[in-house]
Amino acid sequence: MTRLQKGSIGTLLTGALLGIALVAVVFGGEAALSTEEFCTSCHSMSYPQSELKESTHYGALGVNPTCKDCHIPQGIENFHLAVATHVVDGARELWLEMVNDYSTLEKFNERRLEMAHDARMNLKKWDSITCRTCHVKPAPPGESAQAEHKKMETEGATCIDCHQNLVHEEAPMTDLNASLAAGKLVLKSEEGDVDVDDEDEEVEVEVEETETADDSDSASSSNHDDDSDDE
C-alpha cells in the first residue's frame with residue numbers, strides 16, 4: 001500500500017469519526033435542550049410548569065408529560081422541526097427573557113397571550129403533531145363533536161384550532177387561520193355566543209312588550225264595556 005493510499009484511508013477514517021462525533025453532539029445537545037430542567041432554568045417557565053402539573057393532562061392514565069411532549073416534535077422524522085424550534089424560538093425567548101421582567105406572575109401575564117399564540121401557531125404549522133403522538137385517531141362521541149372533527153378533512157383544521165387553554169391558564173382564543181392570512185394575531189370571534197346580560201335584556205323587552213299588549217287589551221275591553229253601557 002502506497003503512502004498516498006494510507007493517507008487517503010486515514011483521511012476517510014478521520015472524517016467518519018468527526019461525522020459520528022458531530023451527530024452525537026447534535027442529537028445529544030437536542031436531547032439536553034429538551035429536558036424539563038433546561039426549559040425551567042428560565043424563571044418565566046416555572047409558571048407554566050406549575051400549571052401543567054395542576055392540569056388534567058398531568059397524571060392522566062399514568063402519563064406525566066413534560067415541556068417537550070407538547071412543544072417539541074419528537075422522533076427522527078421530526079428532528080428538523082425540533083432543531084428549528086430550539087434555534088428560532090429558543091433564541092427569541094432567551095432574548096425576551098433577558099429584556100422582560102418576569103419576576104411575578106402578574107408581569108408574566110402581560111405577555112401570556114402573545115406567548116400562547118406563538119405556541120398555538122407552532123402546533124398549527126406542525127398539524128398538531130405533538131398532540132397526535134398521544135391522541136391517535138381520536139373518535140369523539142356525539143354528532144356535534146364528530147362534525148367538528150370533520151373540519152380536519154374539509155377545512156384544513158387541526159387539533160389546536162379548537163382545543164386551546166387545556167393545560168395552562170386561560171388566554172383569549174386566537175383564530176389561527178385568520179392569523180396566518182393576516183400575518184398577525186387575530187382573536188377568535190365570539191359571534192353566536194349570547195351574553196347573560198343580553199339574555200336578561202331580551203327577557204325584559206319581552207316582558208315589557210307583553211305588559212304593553214295586556215294593557216292595550218284591557219283598555220280595549222274597557223272601552224267596549226263603556227259602549228255597551230251607553231247603549
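This note reviews the fold, surface, ring pairs and salt bridges of the structure above.

1. Basis of the model. The structure is a predicted model, in which local features need pLDDT of at least 70 and side-chain atom pairs count only at pLDDT 80 or more, while totals for chains, interfaces and linings use all residues. Residues are numbered from 1 along each chain as its sequence is written, and side-chain values use heavy atoms, with hydrogens and water left out.

2. Overall fold. The chain has twelve helices and zero strands. Helices (H or I, at least four residues) and strands (E, at least two) are DSSP runs, numbered from the N terminus. Of the 231 residues in the chain, 22% are buried; buried means under 20% relative accessible area, exposed means over 50%, and partly exposed lies in between, with a 1.4 Å probe and protein chains only.

3. Contacts and total surface. A contact means heavy atoms within 4.5 Å. Among contacts between residues at least 6 apart in sequence, 61% join residues at least 24 apart. The accessible surface of the chain comes to about 16,200 Å², and 58% of this area belongs to carbon and sulfur atoms. Accessible areas come from the Shrake-Rupley method with a 1.4 Å probe, and for residues only the protein chains shown count as cover.

4. The nonpolar patch. Which residues form the nonpolar patch on the surface? They are Leu22, Val23, Val26, Phe27, Ile76, Val83, Val87 and Val88, with about 700 Å² of accessible area together. Patches are made of residues with over 30% relative accessible area and no salt bridge; like charges are joined within 9 Å, and nonpolar side chains (Val, Leu, Ile, Met, Phe, Trp, Tyr) within 5 Å. Helix H1 (3-33) and H5 each supply at least two residues of the patch, and H1 gives the most, with four residues.

5. Val83, a member of the patch, is placed in helix H5 and counts as partly exposed at 30% relative accessibility. Ala84 is also found in helix H5 (residues 79-99), and with a relative accessible area of 36% Ala84 is partly exposed. Between Ala84 and Ile72 the C-alpha to C-alpha distance is 9.7 Å, and the two are twelve residues apart in sequence.

6. Aromatic pairs. Rings of Phe, Tyr and Trp (its six-membered ring) pair if their centres lie within 6.5 Å; planes under 30 degrees apart count as stacked, over 60 as edge-to-face and the rest as tilted. By this rule there are two aromatic pairs. The rings of Tyr47 and Phe108 have centres 5.2 Å apart and planes at 50°, so this pair is tilted. Because Tyr47 lies in helix H3 (residues 46-53) and Phe108 in helix H6, the pair ties together parts that are 61 residues apart in sequence. Both Tyr47 and Phe108 are buried, and ring pairs link Tyr47, Tyr102 and Phe108 into a cluster.

7. Is Arg111 buried or exposed? At 10% relative accessibility, Arg111 counts as buried. Arg111 is placed in the loop between helix H6 (105-109) and helix H7 (112-125). Residues up to four places away in sequence not counted, Arg111 touches Glu93, Leu96, Asn100 and Tyr102.

8. Side chains of opposite charge can pair when their charged atoms come close. A salt bridge is a side-chain nitrogen of Lys or Arg within 4 Å of a carboxyl oxygen of Asp or Glu, and the count comes to eleven salt bridges. One of them joins Glu51 and Arg112, with the closest N and O atoms 2.7 Å apart. Glu51 lies in helix H3 and Arg112 in helix H7, so the pair ties together parts that are 61 residues apart in sequence. Glu51 is buried at a relative accessible area of 8%, and Arg112 is buried at 9%.

9. A salt-bridge network. Asp89, Arg92, Glu93 and Asp118 are linked in a network of salt bridges. Since Arg92 lies in helix H5 and Asp118 in helix H7, the pair ties together parts that are 26 residues apart in sequence. Arg92 also forms a salt bridge with Glu93, the closest N and O atoms being 3.6 Å apart. Arg92 is partly exposed at 34% relative accessible area, Glu93 is partly exposed at 23%, and Asp118 counts as partly exposed at 22%.

10. Helix H9. Helix H9 (residues 143-154) has twelve residues and reaches 16 Å from its first C-alpha to its last, close to the 16 Å expected at 1.5 Å a residue. The expected span is 1.5 Å times one less than the number of residues in the helix. H9 is followed by Gly156, whose phi is positive, near 70°.
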